[in-house]
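Welcome! Let us take a friendly walk through this structure, one part at a time.

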Amino acid sequence: MKPDHPTVATQPRSPSSPPPGGATTSPAAVEVHNASLVYQTADTPVKALSNIDLRIGEGEFVSLIGPSGCGKTTLLRVIADLEHITEGTVRVNGISPHDARLARAYGYVFQAPALFPWRTVLGNVMLPLQIQGGDKAQNRGTALAHLERVGLKGFEGKYPWQLSGGMQQRVSIARALAFEPKILMMDEPFGALDEITRDRLNEQLQQLWQRERRTVVFVTHSIAEAVYLSTRIVVMSPRPGRIVKVIESPLPDERHLGLRDTQAFMDVAHEVREALADGHLE
Amino acid sequence: MATLSKPPAASQVSPPGYRKVKHVPSAGSKLRTVGEHGGLASRMWVSGVPVAVVMVVLLLSWYGAAWAMNASAAVERVLTPAGNPFTWQDVLSTTLNMERPVLPAPHQIALDFWSSLVDWPLDSPRNLLFHVAVTGETTLVGFVLGTLLGLVLAVAIVHSRTLDRALLPWIVASQTVPVLAIAPIVLVILGSLGMEGLAPKAVIAMYLSFFPVTVAMVQGLRSPQVIETEMMHTYAATRWQALWLLRLPAALPFLFPALRVGIAASLVGAMVAELPTGATAGLGARLLTGSYYGNTLAIWSALVMSALLGLLLTTWVAATEHFALRHRRQP
C-alpha cells in the first residue's frame, strides 16, 4: 500500500509544472504504437481503431473522450487484453497486454458495478484476492482497508442490493484496487449514475488519485468529468476510430469541485469541445 | 366470511344517516388490524376458503361416486346372500363400508391408512412406513446420483462445444423412451452384472431425475453476463475458478426448481422400478400386491402415502432452496 499522506505524495509532482513533454519523462505505463483494429463484418471491414499512437506515463490520469463509436472503449479494452489489435504494438508496463493481465498489472472498473449478489460487499472485494490465492485472513484485512479507502467502512457485511448505485460502484472500485495494480482502467464508471452522485464520486476519485498517484486510464463522454479529473485528455473521433487531439491540462493537481467555475477550467473544456467538433468535421 | 357479515350487522344496529359515516372508518380499521398482525393468517384465510370449498365438493362427489360404484356389488355380494329384507339405508351404509369396494369411501381409506401405521410394527410389510423407508431410500439415492450426473453433464456441455453438440440430442432422446419400457431392461442387465436390491432401482430413479438438472444447469451456467465473465478474465482467473466462483453460484437459482422436479421424478422412477422386480417392499410393490389381490383399500392407502412422501421430499428441497438463496432476495 502506498502512503496515505497526500502532502508527501504530492511533493514530487507539484513543483513541476510539466510542460507538454513532462509526461514523457516518467517511465511508460502504457505504450500504444501504430495500433489498428479491423472487424471483419459481412459486407465491409470496419476500422474500429486506426493508427493509434499513445504513450501514458506512470502516475498520469488520462481520459479518453469522444462520441459513441470513436473506439475509446475499444482502445481501453485493447490495453486490458479484452480485445486484440490487428496491427501495431501495445505494451503495458513494458510487456504485452496478455502478460500484463496474467501479472495482474491493472484493475478494471466496468460501466456497471457487476457485483456478485450472493457475496457480501467484503466478499466481493475479496474476490480478486481469492482468485490470486494467499492467506484468507490477510486478504480479508486488505479488502477491509480498500473498503475504507473508498469510504465504505462499516458496509462490509451488507449485500449489494442493500447499497445505492453510487455505493455499488465504489465497491467495484475497491475491488479493482484489491491487488494493488499499478494501473487502474475505468470504462465510463459513473455513466449510469445521477449527476449529483457522479460529482461526489468524481471528487472522491480525484482525491484517491491525489493520495496514490496510480496511473488511471479513464473512458468518458462527459467533457466536465474529463477536464476535472485528467492530467491529459485524449480526444477521439469515429469512422475510423482515431485520436484527433491530446490536450495537456494546465490545471493544478490539487482540485476541488469549485474549480469547475474558474476560467482556466472553462478554457480547457472549450478546447476539448473544439477538438470534438473538429473531429466531426473532418 | 366474518368480514363480510360484520358491516351489515353494524348497519342494522345503527340507524341510517350520519351514523353510517361513523361506521365506515371502524370497518376500515378492522380490516387494517386483520392485515397488520396477521399477514399470514389473513392470507391463509383468503387462499384457504377456495381450497376448502373445493375439498368439500370433492369429498361429497367422492361419497356419491363410492355409493354409485359399489351399490350393485353391495346388493349382490352382501345384502342378498344374507337373505334378510333390506332398506335403501342398508344399501347406503353397506356401500360405504365394504371390505373390497370398487371405490372405497374416504373414511375407509383414512382408517386403513391409520391402522397400518399404528397396528403393525415398523418392520412389518403391513406398515406403510416400512414401504416409505424402502422407496424413500431408493428415491434419495437415485436423486443424489441423478443430480451429480446432471451437474457433470451440464459442466461438460457448457465447457465444450463438441460435447454440447454430441451429448444434448442424446440426453433429450433418452427422455422420450418411456420409463416403464426401459425399467425391465435396466433391471435385467444390472441383475446379470450381479447388482440387486437398491442399486438397480436407484439407477432407474437417477435416469428420470438427471434430465431436469442437466437442462436447468446448462442454462444456469450460461447465465452470467458478458461483463461478469470479462471481469473474471481481467483477474486472470482459471476456468475452474470461473466455474466455482461465478458460474455455479449464478446457476443456483436455476438449479433448485429443477431439483424439485427431479426429486418428484426420482420418486416415480423408484416406484416404477419396484414393479417388474416383483419386489415385496416399497410403495410401488405395495400398489402391485394390492391390485393382485383386489385389495383396493391397500392401493388407495399406498397412493395417499406416496403422495405424502412426494410432498415431503419437494418441501424439503424447497426449504433447502429458501435457506441457500436467503441473501439474494430483496425485502
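Let us begin with chain B, whose elements, followed from the N terminus, run α-α-α-α-α-α-α-α-α-α-α-α-α. In total, that makes 13 helices and 0 strands. Please keep in mind throughout that this is a predicted model. Chain B has 331 residues, and 28% of them count as buried. If you look at the contacts in chain B with a separation of 6 or more, 72% of them are accounted for by residues 24 or more positions apart.

Helix α5 (residues 106-118) of chain B and helix α13 (residues 296-324) of chain B have axes that come within 9 Å and cross at roughly 75 degrees. An angle from 65 to 115 degrees counts as roughly perpendicular, and α5(B) and α13(B) are therefore roughly perpendicular to each other. On the α5(B) side, the contact is made by Gln108(B), Ile109(B), Asp112(B), Phe113(B) and Ser116(B). From α13(B) come Leu297(B), Trp300(B), Ser301(B) and Val304(B). Sorted by class, this contact of α5(B) with α13(B) has 5 nonpolar, 3 polar and 1 charged residues.

Now find Ser93(B), which lies in helix α4 (residues 88-95) of chain B. Is Ser93(B) buried or exposed? Ser93(B) counts as exposed, because it has 11 C-beta neighbours inside 10 Å, and a residue with 12 or fewer is placed in that class. For a sense of distance, compare the positions of Ser93(B) and Phe323(B): they are 230 residues apart along the chain, and their C-alpha atoms are separated by 50 Å.

Next comes chain A, where we meet strands. One open sheet has 6 strands in the order β5-β6-β7-β3-β8-β9 (chain A), and its pairing is mixed. At its edges are β5 (106-109) and β9 (242-248) of chain A, each of which pairs on one side only. Neighbouring strands in this sheet are turned by 15 degrees against each other on average, direction ignored. Helix α3 (residues 72-79) of chain A packs on the sheet, touching β3 (61-65), β6, β7 (215-220) and β8 (232-237) of chain A. The direction of α3(A) makes about 150 degrees with that of β7(A).

Strand β1 (residues 28-39) of chain A is joined to β4(A) by 5 bridges, and the two run antiparallel.

How do the two chains meet? The contact takes 17 residues from chain A and 15 residues from chain B. On the chain A side, α4 (97-102) and α5 (121-132) each supply at least two residues, and the largest share, 3 residues, comes from α5(A). That side of chain A divides into 15 nonpolar, no polar and 2 charged residues.

Finally, a word on confidence: chain A averages a pLDDT of 84, and 90% of the residues score at least 70. Over residues 1-24 of chain A, though, pLDDT stays under 50.

Note on methods:
Residues are numbered from 1 along each chain as its sequence is written. Chains are lettered from A and ligands numbered from 1 in the order in which they are written. This is a predicted model: local features need pLDDT of at least 70, side-chain atom pairs count only at pLDDT 80 or more; totals for chains, interfaces and linings use all residues. Two strands pair if DSSP finds at least two bridges between them. Helices (H or I, at least four residues) and strands (E, at least two) are DSSP runs, numbered from the N terminus. Axes are lines fitted to C-alpha atoms, for helices over the stretch in contact, and angles run from 0 to 180 degrees between N-to-C directions. Two residues are in contact if their C-beta atoms, placed from the backbone, lie within 7 Å. Ala, Val, Leu, Ile, Met, Phe, Trp, Tyr, Cys and Pro count as nonpolar, Asp, Glu, Lys and Arg as charged, and the others, Gly among them, as polar. A residue is buried if 20 or more other C-beta atoms lie within 10 Å of its own, exposed if 12 or fewer, and partly exposed in between; C-beta atoms are placed from the backbone. Angles under 35 degrees count as roughly parallel, over 145 as roughly antiparallel, 65 to 115 as roughly perpendicular and the rest as oblique. pLDDT is the predictor's confidence in each residue, from 0 to 100.
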